Amino acid sequence: LLSFLKKSSFTSRFAAILTLSHNKEKLNFNTFSRQLLARVFGYVGFTTDHSILEATSQKHLKGHGLQIMTESMMSNLQNLMLHHLGSCANQKSWKEDGLFNYCYNIVFRAGYLALYGNATAQTEGDEEKARINDRTESEILFHEFRKYDQLFPNLAYGVLTPKGRREANRLTRFFEDSLSMKRMKNKENVSGWIWDMSHMRREEGMKELMIDRCMFVLLWGSQGNTGPSSFWLLLYLMKHPDAMEAVRNEVLKVLKESGQEVRPGGPLVNLTHEMLMKTPVLDSAVEEVLRLVAAPLLTRSVLQDMTQKMADGREFLIRKGDRMAVFPYIAVHIDPEIHPDPFTFKYDRFLTPEGTKKTDFYKQGKRVRYYTMPWGSGVSMCPGRFFATNELKQFVFLMLVYFDFELMNPDEKIPHIDHQRWGFGTMQPDREVQFRYRLRY
Ligand code: HEM
């Protein structure tokens, strides 16, 4: 795919194609993605599906709704990462783990609980049992999700072996059941986003099984990228001590300014939405990591004949029925004119000399509007982008204030990316990286 895209002088076509992708009448994401969702997840939605998504995302993944989700994410991260604080004397000893597994596990499970809700004290007996149940149930779910995640590229390409196909079907049934509305009714803190998504479909007459499948699609869409992104973020910070120091100093400053401190036996840090808005250095590091590892292929169906004018004056006829794809990774993320030395991690690439967010990037003297596109663009731009960014920041924040962590092998090379996954969002490494961590206090 990459060599094809390189040959087809994709970069020069990029800007204009992007403009088109905002044109709802002519180019439509849904026509294409619907076919994929039907084939891969067996989910057949309504024609109103996209307006439901837009309405609920507007309400719950931005503004006040986003704050509620972020708070819920925080308490779930605390339950998963810090539940053992004070309970065991040797917590200060080092613990080894695979970094990819560790990060994906925590971020997936906390994100899942924040979206799909917690066990209740009523059904489990008391608060503590409910928290234990959340930990156990989300662990099982993560392990099954990883099996599906590994089958996913071949599933999407339609080249799974019969054995793989049977396993994918089993996993689909498992998730339909685990995420079913029947089960969700016994939970509390189910996010407004998930709740509205299911209710609005039911009100429109969608069958229960299809709603459960939709819940699985949303789990996959919301959790498949954030965990792997958190892995790359921690890895790049560990490989770049200057970046680690800058981010850690910022995080500790924000913590201090909030009047909180981490001390043995003290209360858990309450990382508020407001605190998360004061971290330009961490923001830049997150954006830089996504530039390096987010490589989605953005597909669009062409709904009517049209002429495409290029920035260089050329014109192309795009026919009704054509399918188009934009691959911003090559077109912008690693374009050396826009991002000099594009394969090097520079944590401050998105910072101005004054320490604020940098937004001016240039190509051939002209300012580039889309200098990174990890979230896609236009009608189907990722509605979860603000939540995902907060998740990443919360995870790193807690890691930095509560733990010391380091690579087992300080000379560890950054792993290659798993080429099977080009186009599916955040890339995954082709091998695990060992690290160790321990409580700082
Ligand atoms: C680092 C994490 C994430 C990355 C890199 C990412 C990236 C993307 C990309 C590239 C798209 C397709 C955009 C397009 O075709 O133009 C997308 C769509 C989507 N994302 Fe995300 N995403 C992330 C996290 C999330 C989270 C946390 C949620 C939910 C809370 C979410 C919900 C969705 C949904 C529902 C869509 C489909 C949008 C539509 O059809 O209109 N994503 N995401």
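Reader: How many helices and strands are there in the protein chain?

Author: This is a predicted model. The protein chain has 18 helices and twelve strands.

Reader: What makes the protein chain as compact as a globular protein of that length?

Author: The globule rule gives 22 Å for 441 residues, and the radius of gyration of the chain is 22 Å, so the chain is as compact as a globular protein of that length. Its C-alpha atoms fill a box of roughly 70 × 55 × 45 Å along the principal axes.

Reader: Why is Cys382 called buried?

Author: A residue counts as buried if 20 or more other C-beta atoms lie within 10 Å of its own. Cys382 has 21 within 10 Å, so Cys382 is buried. Buried residues make up 36% of the 441 residues in the chain.

Reader: Where is Cys382 found, and what does it touch?

Author: Cys382 is in the loop between β9 (366–367) and α18 (385–402). Leaving out residues up to four places away in sequence, Cys382 touches Trp375 and Gly376. The unreviewed UniProt entry annotates Cys382 as "binding site", and such annotations may be inferred rather than shown by experiment.

Reader: What makes a set of residues a nonpolar core, and which residues have the most contacts inside the largest one?

Author: The members are buried residues of types such as Ala, Val, Leu and Cys, joined through C-beta atoms within 7 Å. The largest such core has 88 residues, and among those with the most contacts inside it are Leu99, Cys103 and Val289. Helix α6 (residues 99–116) gives the most to this core, with 14 residues. Val289 touches Ser229, Trp232, Leu233 and Tyr236, not counting residues up to four places away in sequence.

Notes: Residues are numbered from 1 along each chain as its sequence is written. This is a predicted model: local features need pLDDT of at least 70, side-chain atom pairs count only at pLDDT 80 or more; totals for chains, interfaces and linings use all residues. A residue is buried if 20 or more other C-beta atoms lie within 10 Å of its own, exposed if 12 or fewer, and partly exposed in between; C-beta atoms are placed from the backbone. Helices (H or I, at least four residues) and strands (E, at least two) are DSSP runs, numbered from the N terminus. Two residues are in contact if their C-beta atoms, placed from the backbone, lie within 7 Å. The radius of gyration is taken over C-alpha atoms; the globule rule is 2.2 Å times the number of residues to the power 0.38.
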